[in-house]
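Colleague: Please take me through this model by way of its fold, its pocket and its backbone geometry.

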Amino acid sequence: MVAHVSFPERFADLRATFGPLVLGLDPSPAVLAQWALPDGVGGLERFVDLAVAAAAGSVGMVKPQSAFFERHGWKGVRTLARLVASAREAGLLVILDAKRGDVGSTNEAYASAYLGEGSSMPVDALTVAPYLGVEALGPFFDAATRGGAGVFVVARSTNPEGRALQTAMQADGQTVEAAVLAALRDRNARVAPGRIGPFGAVVGPAPGGELDLHQMGGLLLAPGLGAQGAGPADVARCFASCPERVLPSASRSLLAAGPSVEGLRSACKALNAALMRTLERP
């Protein structure tokens, strides 16, 4: 078996160089219009060129939202594949925000599409949804372990519609979100004892009950920075027990600095610096 540098190790290296910020690449119709680009494949292609040029050297990670590419059909998916390849060639980690999640052979197909160098669109990490059962996500976990990739399982989202489900109480007295984190803790302990494991969680820095984030043993993808109202101080508060393991993500607030490559690059560097100052504060 080929030995891979794990996703958490690659993240730690890039964090030390650039900071923890993840640039969300969400080419919505509104963003394309803001960048004076047509809402079509041509505009999408130009968005990719500008975004990757700005990200390289200013952040260590990008997070394309698959839906904004899929809405353009097969040509949009082809553009997403080009973005993934270009970003990885530029030294960026690519976290594909697709929130896949089904059962059985369907999850095996999703995993084979995205996780591992033999995949049709290999990414460094993938977001998945656990609401058909965390155990049903086994094909993602297995593929990530084999290929040195990461998986981020939605635990606490930033949208209010999701909170009723995530805070629902199970028969064992745990909330759904706490049970998701506990399942990830157990899996990380098995595959990466004494190290940060490849199975992370999506946890928005929003008010809520206390979660055992440190014991979960993986990385924490934190959406909601910027346009959704959270700032560096909110990230520092929510992830005070494990500040070195959080990946704060911002999209609209940063993309507003485009289409200027220098403008977007400067905005990314400034937010990265602010996050590092806040997260490293005693």
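Predicted model: local features only at pLDDT ≥ 70, side-chain atom pairs only at ≥ 80, totals over all residues.

Modeller: Residues are numbered from 1 along each chain as its sequence is written, and side-chain values use heavy atoms, with hydrogens and water left out.

Colleague: In what order do the eight strands of the closed barrel run?

Modeller: Strands are DSSP runs of E with at least two residues, helices are runs of H or I with at least four, and both are numbered from the N terminus. Two strands pair if DSSP finds at least two bridges between them. The pairing in the barrel is parallel, and the order is S1-S2-S3-S4-S5-S6-S7-S8.

Colleague: What angle does the direction of helix H7 make with that of S5?

Modeller: Helix H7 (residues 138-147) packs on the sheet and touches S3, strand S4 (125-128), S5 and S6, where contact means heavy atoms within 4.5 Å. Axes are lines fitted to C-alpha atoms, for helices over the stretch in contact, and angles run from 0 to 180 degrees between N-to-C directions. For H7 and S5 the angle is about 140°.

Colleague: How many residues apart in sequence are the parts that Phe7 and Phe152 tie together?

Modeller: Rings of Phe, Tyr and Trp (its six-membered ring) pair if their centres lie within 6.5 Å; planes under 30 degrees apart count as stacked, over 60 as edge-to-face and the rest as tilted. Phe7 and Phe152 are edge-to-face, at 5.9 Å centre to centre and 80° between the planes. Phe7 lies in helix H1 (residues 7-18) and Phe152 in strand S5, so the parts tied together are 145 residues apart.

Colleague: Which residues lining the largest pocket are the closest to its centre?

Modeller: On a 1 Å grid over the protein atoms alone, a pocket is an open set of points with protein on both sides within 12 Å along at least five of seven lines, and lining residues have an atom within 4 Å of a point. Strand S3 (93-100) and strand S8 (246-250) each supply at least two residues of the lining. Of the 25 lining residues, the closest to the centre are Lys63, Asp97, Thr158, Pro223 and Gln228.

Colleague: Which residues does the cis peptide bond join?

Modeller: Most peptide bonds are trans. Here omega is about 10°, and Pro259 lies in the loop between helix H11 (252-255) and helix H12 (261-279). The cis bond joins Gly258 and Pro259.

Definitions and conventions:
1 Å grid on protein atoms, 1.4 Å probe; cavity = no way out; pocket = protein on both sides within 12 Å on 5 of 7 lines; lining within 4 Å.
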